[in-house]
Amino acid sequence: MNVECTLEVNGSSTTLQVAPSARLIDVLREDLGLTGTKEGCGNGECGSCTVLLDGRPVNACLLVALEVEGRAVTTIEGLLGPGGKLSHVQQAFVETGGIQCGFCTPGMIMSATALLEATPAPSDAEIRDALVGNLCRCTGYAQIIESVRAAAELIGPGSGGETPR
Amino acid sequence: MTPFDYHRPETLAEAFRIAGAIPGARYVAGGTDMMVRIRSGRERPGALISLGRIDTLSRIELGSVTQIGARTTIGQVLEHPELTAAYPLLALAARPFASVQVRNLATVGGNVCNASPAADMAPVLLALDARVEIEGPQGTREVPLDAFFKGPGQTDLAPREVLTSIVLEPPRPEARSCFLRRSRVGMDIALTSVAVHFQLAGNRLTRPRVAAGAVAPCPLRLRAVENLLEGRAVDAALLDEAARLAEGEIAPITDIRASASYRRRLTSTLVRRAITAACEESR
Amino acid sequence: MSRHRHIGKARPRPDAADKAAGRTLYINDLVRPGMLHGKVKFSEHAHARIVRIDTSRAARLPGVRAVVTAYDTPEIRIGFLNDNFALKRGKVRQFRDEVAAVAAIDPDIAAEAVDLIDVEYEPLPGVFSLDEAMAEGAPLVHEMDARGNPLTTNELSLRYGHESGDLAVAERASAHVVEGRFSTQLMQQSCLGTAGCIAELDMSGNLSMVARTQIPFLAQRDFMRALEALGLPGRNCRVIVPTLGGAFGTGLDTHAYEYIAIVLAHRTNRPVKILYDREEEFANLSPRQSAEVEIAQGCDREGRLTFRRVRVRQDNGAYASWGATFPTVMLLPVTSLYRVPNVSFDARLVYTNNTYCQAMRGYGNPEVTWPIESNLDELAEAASIDPYELRMRNCNEPGETTPMGLQVTTCGLKECMEATAAKLDWGAERRARRGVGMASLIHVGGSGRIYKSDGGGVIMKFDDFGQINVSYGGVEMGQGLHSALSLTVAEALGVSPDKITINPTDTGTCPWDVGTHASRGAFIACNAALAAAEKARAQIFAAAEEVFPRLARQNLERYRTEHPDYRVPAFDVATAAKADRFELTDGQIVVSGAPDEPWLKVDLDRLLRAIHFRGSRGEVITTAAFYEPQSELPDWRKGVGNMSATYAYGAQGAEVEVDEETGEVRIVRMVAAHDVGKVLNPQTLAGQAYGGLAQGVGYALYEEVRTEQGRILNPSFTDYKIPTTHEMGFPVHLEFIETDDPAGPFGAKGVGEPGLVPTAPAIANAIYDAVGVRIRDLPITPEKVLRALDARRAVNARKQTSTP
């Protein structure tokens with residue numbers, strides 16, 4: 001028996017009928033068409049499904065969609081600026097070679113975005129800590145870490161970071 | 001995934017009522033463990049009762065005693081400077097806890113209630129002499145944490161009862177502590193973890209607490225080690241003896257992650273190192 | 001200054017922005033109208049007779065559209081020895097055997113239906129190790145071969161070997177000989193995107209198959225055989241490769257689930273998707289094969305290698321896939337890594353009731369480079385020669401022909417080893433419990449011939465707007481093939497890479513290619529693209545003889561209106577406009593030797609339109625080229641043949657610190673030096689090197705598919721651990737040696753696989769250097785290190801007590 005659920009995703013509010021046990025990832029991908037959030041394991045191990053909940057990264061595969069009612073969800077699609085411009089973090093990943101097969105990329109970028117919001121000039125150790133829950137099999141992480149550093153530079157000091165809507 | 005019904009009560013009373021009305025209903029906090037168990041088929045709850053809307057469960061209060069609401073996430077512990085300054089052990093355990101994403105969902109209460117032998121917050125809470133506050137339809141009670149764990153996945157909670165908060169004594173003066181944890185890779189279930197907490201009077205240890213995780217059916221205090229350390233000054237012989245006693249107090253298993261004998265060795269090494277590091281910690 | 005415009009310069013990959021925006025669609029994201037979801041019922045035994053399958057409860061479940069078993073579908077044989085079946089009949093031989101499948105309107109119903117299928121088994125005794133499988137009277141995994149001939153042993157008929165020189169003589173003449181036994185583990189490819197496919201048949205029985213494959217054209221052939229089995233002979237099959245979330249070898253064979261999707265699509269007349277979840281991916285795909293290796297190497301007093309003897313046994317699992325051909329690549333390092341005059345190699349493969357194995361990056365090479373390079377350090381110690389020095393004394397050189405018959409054209413191994421040693425401060429004093437180690441590699445660098453054609457084709461289509469669409473039949477799986485290809489085309493045609501689109505791989509639109517393996521993607525594709533570009537230039541220049549003068553004069557007229565004072569230089573465009581004088585540069589066509597005047601430059605798009613719109617002489621520019629590398633298909637039993645057009649070399653070094661109380665190994669830093677021929681795109685190249693190294697670190701220290709009586713014990717990321725940002729937190733120094741290979745596009749060699757080949761022995765050698773213990777079986781867990789340290793301490797203690 002489906003129930004009504006109002007979700008605030010990427011700044012807009014949508015009311016839809018969901019199964020009570022529907023996971024946030026299912027609702028994002030299947031009901032809202034936001035397929036940028038990827039399911040890599042379903043167990044919160046790989047981080048491919050990372051979205052921001054009130055600005056903090058969480059695994060969308062571990063969340064019941066109903067649980068996030070009344071809270072702000074940001075997905076990779078929500079990072080694009082006006083006119084579909086890539087965010088600084090997205091741009092840095094593109095330019096610094098932080099992307100190979102791309103399956104982990106949205107999750108990586110969400111984690112990096114949250115990190116830089118909280119810590120505008122992170123150390124490498126802080127970057128690694130922030131991304132330990134995002135597995136990547138292609139890159140060996142080196143260019144991902146570089147991408148996050150590059151993003152911090154792009155955002156620059158005192159800009160107030162990348163505020164996801 | 002087997003479908004389930006999902007309830008979001010706003011008060012504990014309502015939670016108790018739902019729990020009483022639906023056979024097999026389970027409480028859920030962060031869900032990081034429950035959702036994995038449901039997905040794997042290990043858990044088929046009659047319904048889930050989310051504790052997410054019960055605001056009283058999320059408060060952190062420092063006072064004559066410290067109360068950490070059970071629904072406080074691991075991430076919120078780390079973001080609470082007064083709490084982590086008062087109890088550095090909490091931050092030491094919370095920082096390597098799974099991943100940022102999981103820390104933002106997983107709760108202190110959930111970690112304790114799962115009663116996993118490897119529960120990452122358990123050793124430090126044991127070393128801090130934590131008690132847990134439990135509320136049920138019949139009222140409220142408080143239990144020392146080490147009496148709360150009954151076995152892997154088993155706790156002192158009666159049906160319908162909810163663990164509402166973790167209660168800590170005020171921080172001790174001259175307290176020293178250390179938490180060491182080992183796992184195969186960065187984000188992983190612990191192979192073993194050791195927490196120590198004591199006061200230094202001169203060079204003598206008082207009220208020592210030593211706890212270990214992932215090396216017995218429940219996270220446990222190593223009481224023989226504690227008894228040994230009480231009132232003693234640390235030297236090499238004492239550390240050797242502590243390490244030897246620790247090996248005798250734990251009952252690790254062999255699993256996919258490591259053998260029992262390796263866990264034993266690792267635990268005794270970590271006990272030795274944690275005591276040493278806590279003594280050398282400058283304040 | 002580089003003479004290249006684009007080659008050698010860092011440039012983001014063409015697909016990066018869409019991937020960063022989350023807009024790229026993977027198999028997970030693809031849906032078709034009316035699509036059903038397929039789900040496979042796997043065996044519950046490693047070896048058992050199927051007594052009865054009852055599908056009635058599943059079939060009755062609302063939402064289920066089809067339930068199939070081997071008993072109600074035509075037999076579809078799969079695998080290159082035809083020893084496997086899409087659905088199993090009679091008996092199961094491994095836990096992952098497919099006994100039934102369903103198609104339903106949603107994945108949850110499909111999963112529920114699979115649980116409702118009752119299978120009754122009669123368990124059979126199984127064989128789960130090489131020794132069990134090879135024992136006298138062992139239960140047989142296969143009672144007969146694909147032709148119906150009875151089998152009497154579990155050993156596969158495939159044999160690989162090599163003999164050169166006189167081993168016995170060489171061994172006797174050696175000053176030092178060291179023997180050892182080494183083993184490697186099952187490793188899972190761990191693509192972040194799980195496997196899946198969508199099968200769809202049209203009303204004529206033509207199949208469209210969206211598949212995670214690295215071999216679209218070989219898969220096409222395989223799937224057409226399935227159509228034939230389904231009573232659809234002669235029907236067409238189109239294989240479409242979606243964006244892949246990694247592949248690493250998983251896509252080198254076709255899989256039972258793909259055939260099952262075809263069967264379900266045929267049965268239901270609806271598109272059917274099968275998508276594995278992570279646990280299915282771990283439990284039901286074929287990991288990299290394990291190996292047991294016996295090795296002996298010898299050297300003379302000066303440290304020159306005298307012989308190498310390698311004996312390999314491999315647990316093939318229950319069926320033969322490409323894992324059974326790993327020895328074809330093992331031959332490379334066994335016969336040709338360092339100069340070694342006398343070589344003996346033999347590899348045997350055995351069926352067991354374990355999971356059957358497949359390809360993964362490196363393909364047999366790491367399995368033997370591990371013992372060769374570990375054992376070489378032991379030999380250096382026996383000979384009292386520094387391990388680096390020993391390697392340098394035996395270093396391969398250009399111009400060499402190796403015992404296997406490999407023709408070494410270019411070889412940067414010496415430079416790679418020098419760079420590695422220099423960056424590691426080889427020979428410097430180090431803190432206690434720290435040590436350094438190194439290891440080298442040879443791999444195919446100009447594709448690897450394992451099939452009668454080792455080539456690939458490119459089609460290049462120019463449109464009226466100067467956009468160039470390139471079709472190639474190989475597969476971009478994240479490695480950067482499309483980046484290399486677009487830079488190559490841009491360079492060859494003098495246009496911006498922005499003008500180039502690499503089409504999705506589709507057997508319906510792309511020319512044939514043998515598949516993306518053996519580090520061959522960029523090597524083959526770029527060589528084919530260079531040939532296609534040359535044809536395009538010839539076609540454009542020939543047509544430009546007619547149209548260029550007219551366009552230039554139009555330019556001039558306009559220019560003179562804008563610049564009335566302009567003095568026209570004396571230059572006869574009509575005479576100069578000859579095909580052999582044209583050049584394409586910066587998106588314009590120019591005449592070489594012409595004055596540098598703007599009106600003498602014609603934009604390519606305008607030129608293309610003029611070539612197109614000229615009545616009956618109009619033409620559109622589309623060219624195709626097929627590139628077949630110069631190499632030989634080796635004789636595998638003799639282990640002889642020049643299998644690649646060129647060879648890639650490299651060396652890696654590690655500095656590690658070992659905790660003697662816990663056995664933990666911490667990598668302090670690593671160096672990876674690779675002979676890449678020529679750097680095409682430094683950014684994507686670095687990605688391949690870093691990524692390969694991380695997989696090498698996983699192989700060395702963390703990763704292992706664990707099994708017990710054929711059952712996989714760790715089918716999830718919870719317990720199969722790939723390196724995280726924490727494990728890869730050490731600095732990595734990359735060094736690329738450019739040897740400018742004559743066979744390579746712009747001189748480049750294939751670079752996809754080498755990154756993980758020497759990592760494990762480099763680390764193991766560093767561990768030995770640090771604390772004096774040698775681990776011989778992978779992965780090197782803290783527990784193994786501690787056990788070895790304990791054993792050494794016990795020996796030392798005995799020595800001390802026995803010394804008076």
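Biologist: Why is Asp300(C) called buried?
Modeller: Asp300(C) has a relative accessible area of 16%. Buried means under 20%, exposed over 50% and partly exposed in between, with a 1.4 Å probe and protein chains only, so 16% puts Asp300(C) in the buried class. This is a predicted model, in which local features need pLDDT of at least 70 and side-chain atom pairs need 80 or more, while totals for chains, interfaces and linings use all residues. Residues are numbered from 1 along each chain as written, chains are lettered from A and ligands numbered from 1 in written order, and side-chain values use heavy atoms, without hydrogens and water.

Biologist: What makes the pair of Arg304(C) and Asp300(C) a salt bridge?
Modeller: The N to O distance between their side chains is 3.1 Å. The rule asks for a side-chain nitrogen of Lys or Arg within 4 Å of a carboxyl oxygen of Asp or Glu, so this pair qualifies. Arg304(C) itself is partly exposed, at 44%.

Biologist: How do you know that Asp277(C) and Arg39(B) form a salt bridge?
Modeller: Their closest N and O atoms are 3.9 Å apart, and the limit is 4 Å, so the pair counts. This pair crosses between chains, from the loop between β14 (272–275) and α8 (278–284) of chain C to helix α2 (residues 34–40) of chain B. Helices (H or I, at least four residues) and strands (E, at least two) are DSSP runs, numbered from the N terminus. Asp277(C) is partly exposed, at 27%.

Biologist: What is the area buried between chain A and chain B?
Modeller: About 2200 Å², of which carbon and sulfur atoms give 56%. Buried area is the accessible area (1.4 Å probe) that two parts lose on being put together, summed over both. In chain A, Ser21(A), Leu62(A) and Glu67(A) lose the most area to chain B, together 26% of what that side buries.

Biologist: Why are β3(A) and β4(A) said to pair?
Modeller: Strands pair if DSSP finds at least two bridges between them; β3(A) and strand β4 (residues 56–59) have four, in the antiparallel sense, so they pair. One of the bridges joins Val51(A) to Val58(A) in β4(A). The two strands form a hairpin with two residues between them. β3(A) also runs antiparallel to strand β5 (residues 72–74) of chain A, with two bridges.

Biologist: Which residues of the largest nonpolar core touch the most other members?
Modeller: Val656(C) and Ile763(C), out of 165 residues. Such a core is a set of buried Ala, Val, Leu, Ile, Met, Phe, Trp, Tyr and Cys residues joined through side-chain atoms within 4.5 Å.
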